[in-house]
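Reader: I have a structure open and would like to learn to read it. Where do we start?

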Amino acid sequence: MSEKYDVIIIGAGPAGYVAAIRAAQLGLKTACIDDFVGKDGKPALGGTCLNVGCIPSKALLDSSKQFHNLTHAFEAHGISAKDAKMDVGTMVGRKDKIVKQFTGGITSLFKANKVTAIAGFATLNADRVVSVKDAEGKSTDYTATNVIIATGSVPIELPFAKFDGKHIVDNAGALDFSAPPKRLGVIGAGVIGLELGSVWKRLGSEVTILEALPDFLAAADADIAKVAAREFKKQGLDIRLGAKLGKAEVGKKGVTLTYTDAKGEQTLEVDKLLVAVGRRAATKGLLGDNTGVKLDDRGRVEVDEHNWTGVEGVWAAGDCVRGPMLAHKGSEEGIAVAELIAGKAGHVNLDTIPWVIYTEPELAWVGQTEAQVKEAGIPYKTGSFPFAAIGRAVAMNETAGQVKVIAHAETDRILGVHMVGPVVSELIAEAVVTMEFKGSAEDLARIVHAHPTLSEAVHEAALAVDKRAIHKAN
Ligand code: NAD
């Protein structure tokens with residue numbers, strides 16, 4: 001007979017493992033199934049985020065930033081380190097250690113919370129019977145009163161530039177180069193392309209990014225994207241917009257790319273190619289017969305506003321459902337679903353999910369862009385403030401960027417906050433809290449911000465909405 005649980009979660013990424021811990025905290029008998037295998041060949045919890053996504057990329061971004069600062073930025077402080085060298089093996093080894101620490105941490109948290117971890121590939125069948133195939137091919141059935149699908153997403157593969165793990169790689173491959181490729185090509189100037197392109201550029205690669213869209217970072221506010229584009233150009237990132245890849249041929253010398261842009265057909269030779277053109281829901285092989293669970297035209301599990309699939313006891317959360325593919329969004333959905341299952345009130349506000357791009361300068365935003373507000377016909381006003389006029393930023397020698405606040409012209413309620421600059425990944429939290437509490441620009445303007453801090457840029461931008469910023473002409 002199959003073992004019965006209150007909750008079975010398929011997937012142990014940020015949506016799944018967090019849902020499992022919360023369900024167990026609420027007294028539910030919980031199992032979490034995952035098929036990810038780490039670099040050491042052993043099952044590893046944490047999904048894409050911990051194994052080959054957020055955490056390892058931040059480790060490399062930090063190492064490469066330290067190196068870049070040492071070789072480029074420290075001179076302004078009177079520190080010279082002209083002969084500094086980077087040992088890529090040590091850098092990648094440090095990244096692997098961090099990954100292991102965090103994936104091992106989930107194993108410990110599961111033990112502490114009495115969550116059963118099951119290694120293998122799960123298929124959901126009718127009546128919430130979950131079949132798990134382990135590494136040896138042995139299949140075992142489990143049943144549950146509730147199943148949460150949290151299978152995450154996988155990189156989209158271009159048919160004419162298939163991943164081979166050697167010359168043409170996805171995000172995971174680009175975390176493990178043994179040396180900076182002399183010439184790195186990147187397809188897609190999105191989050192992954194910009195973050196991993198920055199890592200290898202800082203370590204000496206010549207990086208060319210081909211982006212199909214004519215606008216740079218179309219999802220971000222245009223003012224913020226403009227500043228970012230200027231800074232990335234200064235750093236030597238060669239970003240070519242409106243460039244549609246036709247083919248990528250692997251030869252003796254590397255990869256030859258053929259693409260078309262406004263000027264016609266172009267070719268580009270690179271040593272390695274990172275393809276980062278988005279991700280799709282990982283739902284292949286997930287559903288058995290007659291589950292009643294529906295997939296949309298992009299392969300995502302269909303859910304309502306409560307992450308319910310419409311099938312009794314079957315829920316879905318994270319990258320495999322609608323909404324932004326962000327770890328923190330998935331985690332909050334996981335918690336909300338666990339709480340709903342336990343009879344509590346779980347809810348996620350998709351309108352106040354922060355976005356962050358961990359380049360240098362960083363980008364962060366929450367809410368609507370100015371273009372979206374304009375298109376919706378909402379009367380609005382904006383205020384912005386440059387980091388160049390912030391004492392702390394000047395002392396840090398990191399003055400590029402600005403904060404921009406968009407507020408309703410009549411009610412003053414904040415509609416969006418957009419930032420590019422130093423450590424804005426942390427500054428955005430204040431904007432999220434204010435928006436979550438339905439705050440106004442005046443609220444932000446009247447809150448005391450410590451001096452001298454970077455957060456004063458948020459304060460001044462809020463004051464600027466009402467044309468009363470102190471440290472700039474309004
Ligand atoms: P993305 O959607 O951020 O960017 C993909 C880019 O590729 C887009 O600009 C798109 O226009 C372009 N593109 C698509 N097809 C193309 C083609 N044929 N030729 C050239 N350009 C093409 O996707 P991503 O960077 O692959 O990231 C995947 C997901 O992972 C995203 O949803 C992202 O939010 C998430 N992620 C988030 C973070 C973070 O929060 N910092 C970091 C990494 C990844």
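Author: D412 lies in the loop between β21 (402-408) and β22. Helices (H or I, at least four residues) and strands (E, at least two) are DSSP runs, numbered from the N terminus. This is a predicted model, where local features need pLDDT of at least 70, side-chain atom pairs count only at pLDDT 80 or more, and totals for chains, interfaces and linings use all residues. Residues are numbered from 1 along each chain as its sequence is written, and side-chain values use heavy atoms, with hydrogens and water left out.

Reader: Is D412 buried or exposed?

Author: Buried means under 20% relative accessible area, exposed over 50%, and partly exposed in between (1.4 Å probe, protein chains only). D412 has 13% relative accessibility, so it counts as buried.

Reader: What does D412 touch?

Author: Contact means heavy atoms within 4.5 Å. Leaving out residues up to four places away in sequence, D412 touches K381, A407, S440, A441, E442 and V465.

Reader: Where is A112, and is it buried or exposed?

Author: A112 sits in helix α4 (residues 88-113). Its relative accessible area is 61%, so A112 is exposed.

Reader: How do I check the length of helix α10?

Author: The expected span of a helix is 1.5 Å times one less than its number of residues. Helix α10 (residues 424-436) has 13 residues, so it should span 18 Å; its end C-alpha atoms are 18 Å apart, which agrees.

Reader: Which residues of α10 are buried?

Author: First, the general idea. An α-helix has 3.6 residues a turn, so residues three or four places apart point the same way. In α10, the buried residues are V424, S425, L427, I428, A431, V432, T434 and M435. Seen down the axis of α10, they fall within an arc of 165 degrees (taken from the directions from the helix axis to the C-beta atoms), so they line one face of the helix.

Reader: What do the buried residues of α10 pack against?

Author: They pack against β18 (355-357), β19 (362-367), β22 (414-421), α11 (441-446) and α12 (456-465). Just after α10, K438 takes a positive phi of about 55 degrees.

Reader: Which residues come nearest to the ligand?

Author: A residue is near a molecule if one of its heavy atoms lies within 4 Å of it. Of the 21 residues around the ligand, I192, E195, E211, G278 and V356 come nearest. α5 (191-202) gives the most to this shell, with three residues.

Reader: Which polar backbone atom lies 2.8 Å from a nitrogen atom of the ligand?

Author: A polar contact is a pair of N or O atoms within 3.5 Å; within protein, one must be able to donate a hydrogen and the other to accept it, and residues adjacent in sequence count only if both atoms are side-chain atoms. Here the polar backbone atom belongs to V356.
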